[in-house]
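Please look at the structure first, then read on.

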Amino acid sequence: MSDTPFGFGLPPEEPDDGDEGKKKDQQSGGGQGPANPFGFGMSGAGGLGGPGADNPFAAMFGSMNPNDLGAAFQQLGQMLSYEGGPVNWDMAKQIARQTVSQGTPDGRKDASVGPAERNAVQEAVRLADLWLDDATALPSGAGTAVAWSRAEWVEATLPAWRELVDPVAERVGNAMGDVLPEEMQAMAGPLIGMMRSMGGAMFGTQIGQAVGVLAGEVVGSTDVGLPLGPAGKAALLPANIESFGKDLGVPQEEVRLYLALREAAHQRLFAHVPWLRSHLFGAVDGYARGIKVDTAKLEDVVGQFDPQNPEQLQEALQQGMFQPEDTPEQKAALARLETALALVEGWVDAVVHAAAKPRLSSADALRETLRRRRASGGPAEQTFATLIGLELRPRRLRDASRLWASLTDAHGVDGRDGLWAHPDMLPTATDLDDPDGFVHREQLDFSELDKMLGEAAGKPDLKKKDQDGTGDDGRGKAKGDKGE
């Protein structure tokens, strides 16, 4: 075959001699440019359009030095020999780490976290947890507080990305076997296997690049509203927090503390609402099942790649191959997912504001900044939307935040947080349209919610009143009669 199938943007191996090696690599044509999906250095006299254009292998490899050529064949061999699941996650991890090592567009490189930064993060999370005690009935969910580099964030969150991406990638892998005519499929077993290996490499490459870019944007482990990190571990990224707060005109300590409040609030929710994680990931999976693959575009990507016009392939991949089915079931799945994300983010927004407003002069400004950041999403989030046909944004964050605040005013902190006892008790998308109607609905029995939440978690009641009636809530202080 003279046409190179797919042509996924694999970055070159990291040179052993750092920046100098990168400069040499670029001079030799081994660097990856936007018009070179393979990163094989196709420019120069032996490149495409030059004297070697009649020989596709000479065109692809002619200008490379032996070391670059060996690395290219090694990566191509890894792509073709992969026999795992729908995504080559080893490749995704490798590329994510390479993307992180290249630094962010503003020139900031990744670096190991020092003792001073680690202590600052631990102190911020500790103080955030103390402040949250007054703002929520849910006890602390952060057993440990850690400061991560970007590379450490990649390592810690890849298992969660795997759970999110694999269902959609599986659909693409199955579709790849369908792009061949039916009469050819019986005799094209090895080709189909190669195509699926290349499909795993395609997703591994694209997901790795997106995760690597996202690692340069996130400030913690729960930025996208999902628990991406290990349970019970509140994590912040000092380098990204510094970049985030640089132009806000707010002291760095306040920025760190506000972000620690958000991270610690997420940890409380996911730790003490045991069904929530599976509910969110199940909503993502339910929506993914209704996504259909654009097989016509897939056929174009697989069969009509022109080695002399690699930009065409890049554009096709960036446009995505997924379309949500226009059915009532798919629309309902999307509504469930968007509502679930909004309820989580809205609760965190309301709780953090209640804890920060009396204590931080910059609370309002930071709140609005974070709201806009979540509403717009960064480049990496847009990449994931293209790759898996899904935007992980809480489109109704403000509506949900107002509803949770109204519930607090009407029924107290315990009554509000008791709604997390069961998914059927949570507000729906319709309730977000009419928050007052939900808040004052007569059939809501708030008196038993704490008990139900404790039973659902297999733990004692949240309020944990002691036998002598002092009302100790298990955290060393009385909560009074809020919500009763």
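This is a predicted model: local features need pLDDT of at least 70, side-chain atom pairs count only at pLDDT 80 or more; totals for chains, interfaces and linings use all residues.

Residues are numbered from 1 along each chain as its sequence is written, and side-chain values use heavy atoms, with hydrogens and water left out. Helices (H or I, at least four residues) are DSSP runs, numbered from the N terminus.

Helix α14 covers residues 328–356 and packs against α15 at an angle of about 165°, with the axes 10 Å apart. That makes the pair roughly antiparallel (over 145 degrees; under 35 is roughly parallel, 65 to 115 roughly perpendicular, the rest oblique). Axes are lines fitted to C-alpha atoms over the stretch in contact, and angles run from 0 to 180 degrees between N-to-C directions.

From α14, the contact uses Glu345, Asp349, Ala350, His353 and Ala356. From α15, it uses Ala363, Asp364, Arg367, Arg371 and Arg374. Contact means heavy atoms within 4.5 Å. Three of these residues are nonpolar, one is polar and six are charged. Here Ala, Val, Leu, Ile, Met, Phe, Trp, Tyr, Cys and Pro count as nonpolar, Asp, Glu, Lys and Arg as charged, and the others, Gly among them, as polar.

## Helices α15 and α17

Helix α15 (residues 363–376) also packs against helix α17 (residues 397–417). The angle is about 135°, and the axes lie 11 Å apart. That makes α15 oblique to α17. Arg367, Glu368, Arg371, Arg372 and Arg374 in α15 meet Leu397, Arg398 and Ser401 in α17. This contact has one nonpolar, one polar and six charged residues.

## Helices α10 and α15

Helices α10 and α15 pack at about 60°, with axes 11 Å apart. They are therefore oblique to each other. Their crossing is right-handed. Glu254, Val255, Tyr258, Leu259 and Arg262 of α10 touch Ala363, Leu366, Arg367 and Leu370 of α15. Six of these residues are nonpolar, none is polar and three are charged.

## The largest cavity

A cavity is a set of points, on a 1 Å grid over the protein atoms alone, where a 1.4 Å probe fits but cannot get out; lining residues have an atom within 4 Å of a point. Grid points are joined across faces, edges and corners, and a volume is the space filled by probe spheres set on the points. There are seven cavities of 30 Å³ or more.

The largest has a volume of about 110 Å³. Its lining includes Val219, Asp223, Leu259, Arg262, Leu370 and Arg374. The largest share, four residues, comes from α10. The lining divides into four nonpolar, three polar and five charged residues.

Definitions and conventions: Helices (H or I, at least four residues) and strands (E, at least two) are DSSP runs, numbered from the N terminus. On a 1 Å grid over the protein atoms alone, a cavity is a set of points where a 1.4 Å probe fits but cannot get out, and a pocket is an open set with protein on both sides within 12 Å along at least five of seven lines; lining residues have an atom within 4 Å of a point. A crossing is left-handed if the near helix is turned anticlockwise from the far one by less than a right angle, and right-handed if clockwise.
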